[in-house]
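Let us take a walk through a protein together, one stop at a time. Have the sequence and the 3D view ready, and look up each residue as we reach it.

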Amino acid sequence: MKSLKSPKSILYKLLIPILTATFLLLIFSAATLSVIYARQTEQSAIRSNLEILRQTDASMQVVHSHVSQILANIVQKPYLADILSEPMDNIQDEWRGRHQIGALFSDNPYAMIDYEILVFGANGFAVSSGVGAPILTSEEIMELPVFKKSLETSKIVYDSRIRGISSSTADSAVILGCRSLTKQDGSVYGGVIISIRESSLRKFYQNFINQSTSILLLSSDGTVLSSNILKDVGTHDTILLEYAQINRAEGDAYTRTEAKELILSQYISYCDAYIISRITPAVLHRDFFPRIQTIAIILLTLGILLLSIFCIIRRNLLPLQKLADHMASVKDVPTPAAIISGSAELEMITGSYNKMTDTLHKYLIELNEIHEKQRQDELALLQMQINPHFLYNTLDSVKHLIEMHNPFDACQTIEALISLLRSTLQKTNMVVTVAEEVQNIRNYISIIAPRYGGLITADVFADPGCLTCKIPNLLLQPLVENAFFHAFQSTKKGQVRIFLSRLGDELTCEVIDNGDGMTEGQLARIWERPAPRQSVTSIGLANIRERLALLYPGKNSFQITSEHGYGTCVTISLPAEGCLPPN
């Protein structure tokens with residue numbers, strides 16, 4: 001069951017994609033639903049706010065109609081010009097004027113808004129319909145922007161103030177509807193202002209707003225005439241005016257700002273103003289995000305789902321795990337497994353596996369026997385090639401010593417040959433320890449070195465940690481032999497050094513000489529040259545490479561580096577097998 005808990009098991013290979021797909025599906029679904037919800041919420045808010053704007057427009061139109069009727073009722077009085085233009089020298093004249101104007105105030109129709117009428121003249125006379133007197137003089141009123149603007153047009157002009165212009169509205173935000181009064185010669189003799197409490201106008205849309213929406217009435221010069229945010233009344237918002245003008249110019253119902261706000265606007269021509277609704281989607285969507293309890297329920301449900309998937313997959317994979325354990329327990333030739341009950345597919349896999357093992361059982365055994373026999377035959381052939389080659393060169397050296405009338409060295413060479421033959425001929429096709437191979441090389445050096453009269457010397461250096469490691473018998477002898485016979489053709493003298501060392505699980509053998517060396521062309525021809533097994537002069541290198549390939553397939557290396565005039569280095573690496581830890 002251990003492999004079922006491994007991250008590489010089929011359980012996790014199935015579970016992880018399912019979990020990933022489930023998680024991604026949930027994210028995708030949540031994102032899709034969120035986008036759909038956001039769009040639907042925004043569209044719903046847009047539709048409802050457009051309806052609010054239309055209703056507010058209708059209410060404002062009624063208000064404007066009342067204001068127009070009131071102003072028309074006052075302006076048409078023929079005696080109004082005399083009252084506002086002629087000087088009032090005494091209190092009787094002022095009382096008479098107030099009485100006549102008061103009659104005008106009482107003669108006006110009922111309106112659905114809370115308003116006051118203020119009549120003022122060029123003669124300094126000013127009177128209000130409210131319970132309080134004007135807090136501004138006639139001259140100050142005529143300096144108001146709303147009055148100056150009314151002089152430029154014959155229409156009613158609207159403006160707003162944080163504080164009213166009469167004592168009864170001094171603490172209230174008001175909207176002023178102004179009409180200037182002029183004579184036929186164009187001279188101004190006064191004006192009429194309808195002062196509407198902003199709170200009275202705000203009630204037309206106050207009940208429709210929420211935390212994500214604000215509604216305001218914006219004049220054509222950017223002045224906020226009315227707003228559900230009281231502190232904005234009387235301020236100027238040119239940026240908001242630009243968006244409203246863009247909506248009007250392009251015929252759009254709304255515009256999305258860089259701050260992700262939705263600006264809905266509707267132009268009111270009779271007031272030369274805009275009714276604007278500002279929607280903040282971030283606040284609009286804030287209640288959409290689930291609460292902690294909802295998130296906990298979703299996570300708990302997801303956890304139960306994933307646990308159920310895990311248990312179902314694991315239960316269905318346990319029979320497969322039994323089959324895998326059986327297959328893993330096979331050390332050599334596969335053996336049939338018992339039929340494992342489970343799904344039909346699993347029983348089919350088990351039956352197919354058993355049929356395969358029955359077919360391969362005998363074939364693998366026969367193949368192993370054939371391969372081992374072939375391997376032993378090839379190694380024996382290679383070993384037989386080494387011995388005659390080595391023996392030929394050794395006898396040639398003894399012959400040379402005898403010809404040089406050096407019987408003592410010839411006898412020493414023969415004794416070394418006898419010692420070498422005793423230690424090697426009985427170990428055909430076998431591996432020896434590094435210590436034994438070192439002794440073989442030293443015996444060979446004592447055989448071959450006297451032939452060169454001491455001009456070529458050689459020695460072996462072995463790391464104590466590798467002396468117990470196993471190495472093919474006479475693996476290095478052909479390299480030493482080649483160094484003596486071929487490395488000093490020009491220099492005639494030099495040194496040959498053999499190094500054996502162990503690094504981790506690898507045994508490294510190096511044969512280095514300081515002889516003639518080879519050019520790149522000579523070195524390339526060595527690798528290109530075929531290895532005829534009948535040639536005693538070129539068998540060494542090819543023989544070593546073939547033995548390494550047979551004994552250590554894919555786990556060995558054989559390299560030759562050389563520089564002309566400086567010498568040659570042959571490096572062999574092979575697995576460090578059979579090594580004992582140093583004492």
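We begin with the whole protein and then visit some of its parts.

First, a word on how to read the picture. This is a predicted model, in which local features need pLDDT of at least 70 and side-chain atom pairs count only at pLDDT 80 or more, while totals for chains, interfaces and linings use all residues. Residues are numbered from 1 along each chain as its sequence is written, and side-chain values use heavy atoms, with hydrogens and water left out.

The protein has 15 helices and 17 strands. These are DSSP runs numbered from the N terminus, with helices (H or I) of at least four residues and strands (E) of at least two. Of its 583 residues, 41% count as buried. Buried means under 20% relative accessible area, exposed means over 50%, and partly exposed is in between, using a 1.4 Å probe and protein chains only. The protein exposes about 32300 Å², and carbon and sulfur atoms supply 58% of that area; accessible areas come from the Shrake-Rupley method with a 1.4 Å probe, and for residues only the protein chains shown count as cover. Among contacts with a separation of 6 or more, 64% are between residues 24 or more positions apart, where contact means heavy atoms within 4.5 Å.

Now look inside. A nonpolar core is a set of buried Ala, Val, Leu, Ile, Met, Phe, Trp, Tyr and Cys residues joined through side-chain atoms within 4.5 Å. The largest one has 48 residues, and Ile 101, Ile 117 and Val 119 touch the most other members. Helix H1 (residues 10–75) gives this core its largest share, 11 residues. Another core lies apart from it, with 42 residues, among them Ala 449, Phe 484, Leu 507 and Met 518.

In the loop between strand E13 (470–472) and H13 you will find Leu 474. Leu 474 has a positive phi of about 60° although it is not a glycine, and at 4% relative accessibility it is buried.

Next come the aromatic rings. A pair of aromatic rings is described by the distance of the centres and the angle of the planes. Rings of Phe, Tyr and Trp (its six-membered ring) pair if their centres lie within 6.5 Å; planes under 30 degrees apart count as stacked, over 60 as edge-to-face and the rest as tilted. A search of the whole structure finds four aromatic pairs. One of them joins Tyr 267 and Tyr 274, whose ring centres are 5.0 Å apart with planes at 55°, so this pair is tilted. Tyr 267 is partly exposed at 25% relative accessible area, whereas Tyr 274 is buried at 3%. Phe 461 and Phe 499 form another pair, with centres 5.3 Å apart and planes at 20°, so they are stacked. Phe 461 lies in strand E12 (residues 456–462) and Phe 499 in strand E14 (residues 494–503), so the pair ties together parts that are 38 residues apart in sequence.

Let us return to Tyr 267. The charged end of Arg 248 sits over the ring of Tyr 267, 3.7 Å from its centre; this means that NZ of Lys or CZ of Arg is within 6 Å of the ring centre and within 35 degrees of the ring normal. The loop between strand E9 (262–268) and strand E10 (273–279) holds Asp 272, which has a positive phi of about 50° although it is not a glycine.

Our last stop is Ser 180, in strand E4 (residues 174–182). Is Ser 180 buried or exposed? Its relative accessible area is 13%, so Ser 180 is buried. Leaving aside neighbours within four places in sequence, Ser 180 is in contact with Phe 147, Ser 150, Leu 151, Gly 190 and Gly 191. A polar atom of the Ser 180 side chain lies 3.3 Å from the backbone oxygen of Ser 150.

Notes:
A polar contact is a pair of N or O atoms within 3.5 Å; within protein, one must be able to donate a hydrogen and the other to accept it, and residues adjacent in sequence count only if both atoms are side-chain atoms.
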